[in-house]
Amino acid sequence: FFSGRLHTLVQQHVKCFPTVIHAVHGLMRLFVCGLRLLLVTLVLSISGCALLFYTKSVLCRQPVPDESPRSQGAQPCPAAIREDAVHVAISSNVDGVRSVEKVRAPAATLPANAGPLVDKQFELSSSMLRKYMTTYQQSYFEEQRLQLLHRRAINSTAPFFPPRRNPANVAILTPHEGTANWATRMGHYTKEQYARLHSYPFLLDQNSYAANHTRHATWNRVPSIRMYLPKYEWIFYLDSDIAIANVSILLEDFIHRFPNDTYIAFTDGHYGFNAGGFFIRNVPWSYWLLDQWWAAGDTRGSHSTCDSLLPKFAFQYTRCMFRWNDQVALWDVLLPYYQQQSKSNVPICKTFPSSDWERSMQCYSQTMTNMGYPYKKRSAFHVFFWSLNAWPRGFTFFYQERKTLATWKPEELYQPGDFVIHTHVDLIVQELSAFQFLKWMAQTFPEMLALKM
């Protein structure tokens, strides 16, 4: 019996032996593959670190006057480009208002070849960003075209764009004096066709205001608004270099969501706001604000400073006169207005004239914060600031380029899907605004752009 049982067990183990061998071989192969993968990962990591170290050493290498062996070679990155070299200091400006300034530790300057490298990388990033935005916009408008053509094929009579429910008595106003460049003409076209599409009055005011007030042309908005505001409940003001980018957004999407006591509305910003696009209501308070705004823009000092540049340096003259622009004058109106309404004892700084745009913005934002109205909490006393977290995001957005990125936060600049885009560059207007789509609509669906007012 025992010999027979032993024989059976031996036979069973002999039958299972090949299976065990195959399993062991499989585990060995899996272990080898894992080891190879770990080795490849290690090599790639070392290569990446070496490349990063080499790039850093190239950007940070500087010549040193000492020729001794100890002083030769790459120096550590200067503190001017290290985040840990930045500290915050509290200083006071000439008006006695405490302000926060970033102060950097003194450090050696960047090497001569670092500037072109940074410029090249920035231009490459900007090109990639514009390519992404253009692809997004073109895909969006292409989908709109296909949907419109499909509706025509099935003889649909339903409205394609959202209807204006409880339509507001609002007009779009853009003053423009002088010859318009191609970007401005495209911007005017988008506003006119958008107004026709949704039955808004569009007012292109070409009166020669500057010939009478001798200020910078940006001041034309004040007398232009005063002229047309009595005819409507709301005026939606837009600069001449702003173009419509999303025709599906209605003005009522903003107006119906304003608080009932709103008399003027801007798009909010971290440090300030841009007066290139805003809503203003036909109430006595608005005319008081326009009068205060105009009075704050005393430009008598501008001519004694800038007139000597004419006629030889006309471009420099324009830039000099822009220091007395209407944007900073409006900040100078709102600061004492908030101080009076809130009964605050916070000293008021002066932003006008603006010799330094960033300093003027810092003056405005810091004073508002000191009075108890920081970013996202500035809406008060009939002035409303539209939140960037809402949808639509707002009604004035600069295009993301070096100059605007140096002034505004990235989330305060144009993003695909926004209502408008603010730029002087004709190629950007052509690619990112609704210009080409509205031009196609005018040719393919002229009945949709018929003036219905």
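Tutor: A residue counts as buried under 20% relative accessible area, as exposed over 50%, and as partly exposed in between. Serine 199, at 24% relative accessibility, is therefore partly exposed. Please keep in mind that the model is a predicted one.

Serine 199 sits in the loop between H3 and strand E4 (202–205). Its phi is positive, about 65°, although the residue is not a glycine. As a general rule, most residues other than glycine have a negative phi.

Two packed helices are described by the angle between their axes and the distance between the axes. The crossing of H3 past H14 is left-handed.

H3 brings Trp182, Met186, Tyr189, Thr190, Gln193, Tyr194 and Leu197 to this contact, where they meet Phe435, Leu438, Lys439, Met441 and Ala442 of H14. Sorted by class, the residues of the contact are 9 nonpolar, 2 polar and 1 charged. Leu438, from the H14 side of the contact, also belongs to a nonpolar core of 39 residues, whose members include Ile255, Phe279 and Leu238 as well.

Histidine 188 is also a residue of H3. Its relative accessibility is 9%, so histidine 188 counts as buried. With neighbours within four places in sequence left aside, the contacts of histidine 188 are Thr174, His176, Phe202, Leu204 and Ser240.

Helix H7 (residues 284–296) and helix H10 (residues 326–342) have axes that come within 8 Å and cross at roughly 120°. That angle makes H7 oblique to H10. Here the crossing is right-handed. On the H7 side, the contact is formed by Trp285, Trp288, Leu289, Gln292, Trp293 and Ala296; on the H10 side, by Asp326, Ala329, Leu330, Val333, Leu334 and Tyr337. These residues divide into 10 nonpolar, 1 polar and 1 charged.

Beyond its neighbours within four places in sequence, valine 222 is in contact with Leu290, Trp293 and Trp294. Of these, Trp293 is also one of the H7 residues that form the contact with H10. Leu289, another residue of that contact, lies 67 residues from valine 222 in sequence, while their C-alpha atoms are 9.9 Å apart.

H10 leads on to the largest nonpolar core. That core has 47 residues, among which Ile235, Phe278, Tyr338 and Val383 touch the most other members. H10 supplies the largest share of this core, 9 residues. Tyrosine 338, once neighbours within four places in sequence are left aside, is in contact with Met368, Met371, Tyr373, Arg378, Ser379, Ala380, Phe381, Val383 and Phe385.

Lysine 376 lies in the loop between helix H11 (357–370) and E9. Its phi is positive, about 80°, although the residue is not a glycine; at 55% relative accessibility, lysine 376 counts as exposed. Further along, proline 392 is found in the loop between strand E9 (383–386) and helix H12 (402–405). The peptide bond that joins tryptophan 391 to proline 392 is cis, with omega near 0°. In general, most peptide bonds are trans.

The whole chain supplies the setting for these details. Its secondary structure comes to 14 helices and 10 strands. Of its 453 residues, 42% are buried. Among contacts with a separation of 6 or more, 72% are between residues 24 or more positions apart. The pair of valine 222 and leucine 289, at 67 residues apart in sequence, may be read against that background.

Notes:
Residues numbered from 1 in each chain as written. Predicted model: local features only at pLDDT ≥ 70, side-chain atom pairs only at ≥ 80, totals over all residues. Heavy atoms only, no water. Axes fitted to C-alpha atoms, helices over the stretch in contact; angles between N-to-C directions. Helix = DSSP H or I, 4+ residues; strand = E, 2+ residues; numbered from the N terminus. Parallel < 35°, antiparallel > 145°, perpendicular 65-115°, else oblique. Left-handed = near helix turned anticlockwise from the far one by under 90°. Contact = heavy atoms within 4.5 Å. Nonpolar A, V, L, I, M, F, W, Y, C, P; charged D, E, K, R; others polar. Core = buried A, V, L, I, M, F, W, Y, C linked by side-chain atoms within 4.5 Å. Buried < 20%, exposed > 50% of the residue type's maximum accessible area, 1.4 Å probe, protein only.
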